[in-house]
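Me: Hi! Could you help me find my way around this chain?
Reply: Happy to. Let's have a look together.

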Amino acid sequence: MPLRSPARAALACLVLAGSVPCAQAETASWYGSGRRTANGEHFVPDGLTAAHRTLPFGTLVRVTYGGRSVVVRINDRGPFIAGRAIDLSRGAARAIGLSGVGRVHLAILG
């Protein structure tokens with residue numbers, strides 16, 4: 001069965017993460033303000049965290065952009081703009097050189 005939605009593709013990657021590397025090309029953006037994340041943590045703009053609509057809190061994801069990569073931990077929900085799959089914290093975006101919106105590769109590590 002083809003994976004027609006980003007949520008299904010992400011779930012498939014999560015299920016396979018223990019045995020098979022799984023990567024998908026997605027659109028990412030970044031955010032740098034907020035008080036609390038959806039899991040209740042204090043938001044740290046320069047941390048290595050990210051928001052995703054469906055991945056469980058605590059999931060580690062390798063984000064690669066322009067040959068640079070960073071591992072982020074999902075601790076928030078979003079993005080809330082159509083067509084975007086992940087919102088990186090400002091620190092994570094800086095670590096890979098993402099200054100706006102860009103096409104990234106996501107690999108779910110677990």
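Me: Leaving aside neighbours within four places in sequence, what is Gly102 in contact with?
Reply: Gly102 is in contact with Glu26, Thr27, Ala28 and Tyr65. Keep in mind that this is a predicted model.

Me: How far apart are Gly102 and Thr27, in sequence and in space?
Reply: They are 75 residues apart in sequence, but C-alpha to C-alpha they are 5.6 Å apart in space.

Me: Which strand does Gly102 lie in, then?
Reply: Gly102 belongs to strand β6.

Me: And is Gly102 buried or exposed?
Reply: Gly102 counts as buried, because its relative accessibility is 9% and the cut-off for buried is under 20%.

Me: New topic: how many residues are in the largest nonpolar core?
Reply: That core has 17 residues, and Val61, Val63, Val72, Ile86 and Leu88 have the most contacts inside it. The elements giving two or more residues to this core are β3 (60-65), β4 (68-76), β5 (86-89), α2 (90-96) and β6 (102-108).

Me: What does Val63 touch?
Reply: Not counting residues up to four places away in sequence, Val63 touches several residues, including Val72, Ile86, Leu88, Val104 and Leu106.

Me: Zooming out, how many helices and strands does the chain have?
Reply: There are two helices and six strands, and from the N terminus they run α-β-β-β-β-β-α-β.

Me: Last one: what share of the chain counts as buried?
Reply: Of its 110 residues, 39% count as buried.

How values were computed: Residues are numbered from 1 along each chain as its sequence is written. This is a predicted model: local features need pLDDT of at least 70, side-chain atom pairs count only at pLDDT 80 or more; totals for chains, interfaces and linings use all residues. Side-chain values use heavy atoms; hydrogens and water are left out. A nonpolar core is a set of buried Ala, Val, Leu, Ile, Met, Phe, Trp, Tyr and Cys residues joined through side-chain atoms within 4.5 Å. Buried means under 20% relative accessible area, exposed over 50%, partly exposed in between (1.4 Å probe, protein chains only). Helices (H or I, at least four residues) and strands (E, at least two) are DSSP runs, numbered from the N terminus. Contact means heavy atoms within 4.5 Å.
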